[in-house]
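Let's take a walk through this structure together, one piece at a time. Have the sequence at hand as you read.

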Amino acid sequence: MDFEPSEEQQMLIDQVRRFVREEIIPLEAKLDPDASELEPADHKRLVEKTKAMGLFGIDIPKEYGGPDIDIVTRVLLAIEMAQHRAGLYVPCYGTFGGAGLAQIFEANDDQKERYLYPTLRGEKKTFFGLTEPSGGSDPARAIQTKAERKDNGWVLNGAKIFISNADRAQYGIVFARTDASKGRAGITCFIIDTDTPGFHVRRVVHTLRSSHYATELEFKDCWVSDHQVLGEVNKGFAVANDRLTRQRIPYAAGCIGVAIAAHEMAIEWAKMRSTFGEKLANRQAVQWMLVDNEIDIRTAKHFTLEAAEKARRGLPFRVEAGIAKLTASEGGGRVVDRSMQIHGGMGMTKDLPLERWYREMRIRRVGEGPSEVQRMVIAREILGSNLR
Amino acid sequence: MSMRLRLDKPWKPLTAEEAERLPGQLGIYQIADATGTVLYIGEAGARSPFGLRSELQSQLAERGAGCQFRVEVNQQYRSRWFELLMVHQHDHGALPPDNAKNPPPVLGRLSPA
């Protein structure tokens, strides 16, 4: 596979790179180092710019008004969008828009009117409610939130944890067990309005991401009608699994973007900084760290583009997405760590973005399926399905 | 095991001596009037030159004598600040008056048990 960007892709990459350097980074310099949001006026102004660039809503399918950019190109652009302080989790502060949750595109016509289109217009925000206090890596077994039939609908009882944006959303996609005897074939996906009686955002969960928090949710006799079932009853696991697999590719791209930014900072610093009368760049110990950075970045980029290319061609890409997520999150963490080491004391300070990337990159080895689960997925594939 | 949701340390008078004793660390703080009504919830972020100390010194310079304060050293100052604002909104139906004048761009809703 040839991953050299085409002329058109390179033009888009250059455009996004300029946007990050000329629009995002100067604004970011005035914000708190842990901030995740721009001033509303700045955000609005930059959204107008991305719309003028023809890149707003980049992940929205063409039939819903998206700019029709293939997934390989989106990965290349996502790598660029992440190259600033807040870029790992809030690339360009959301000024390129978002598609919301991919599952909503699978909704029926009534649900699309009520949820998808308002989301695409920016009128509604959403959350994804999968992980529970009983676990997140094995949703088929860990989901204990129950949905039971009542009055032509369903009553949900249970809890979710590590849920982003539930306190700010108008609705969310929530997975609940509708048949306790069927394992993964007993899970259903629901669309829950956050003003539904019985839906509660109980607390903030503070993490290494000081800029952004997760929440813990409680469902207490939360009744929803049959119209809120997304897809088919007892087929929600496939919806969750599909999302988790697809999400791994852009997730990997963000890690690569930050790794590149950290690496470039380390190179610049090594060329400038002297110790004992010699530039750091002339010291073998530093050179080897930079070489290892380069290898980690190139490896992750190769595997991520490979996964994207398979997805673009409509081929199975579950294993490739797992390898991409694994190499990018683990390699990205190593790159940021080495870059901090090269920077010495300065690398530990909030004057530079490295310490924020270090904290946030650590989460990436757990989020969207931990490294161990990715290895399990890959092992199943190479050893055969009898391990399932 | 979850963190304590509300800040319920005893109030201290906001004076130059008390502010001088504060650590130069990151964290959050509350300012109240003499009766203990919260007027403002603030954060000492990484751009504060001396963290909580310089934030409270600025508050004293701005407000003058007669206020009270309490602080919490917290590396997660930003998410903790959002949390305290949301909890206050839940408990009192509105933000503290001095936060309401310039609210954060987006604030969520909490309904603590």
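Within chain A, eight residues of domain 1 are in contact with nine residues of domain 2, where contact means that the C-beta atoms of two residues, placed from the backbone, lie within 7 Å. On the domain 1 side, four of these residues are nonpolar, three polar and one charged; Ala, Val, Leu, Ile, Met, Phe, Trp, Tyr, Cys and Pro count as nonpolar, Asp, Glu, Lys and Arg as charged, and the others, Gly among them, as polar. This is a predicted model, in which local features need pLDDT of at least 70 and side-chain atom pairs count only at pLDDT 80 or more, while totals for chains, interfaces and linings use all residues. Residues are numbered from 1 along each chain as its sequence is written, and chains are lettered from A and ligands numbered from 1 in the order in which they are written.

Where do the domains of chain A run? Domain 1 spans 7–103, domain 2 126–230 and domain 3 238–387, with bounds from an automatic or database domain assignment. Taken over C-alpha atoms, the centres of domain 1 and domain 2 of chain A are separated by 29 Å.

Now turn to the partner chain. In chain A, 19 residues are in contact with 23 residues of chain B. The chain A side of this meeting has five nonpolar, five polar and nine charged residues.

Finally, look at A:F190. Leaving aside neighbours within four places in sequence, A:F190 is in contact with A:A147, A:W154, A:V174, A:A176, A:V224, A:Q228, A:V229 and A:L230.
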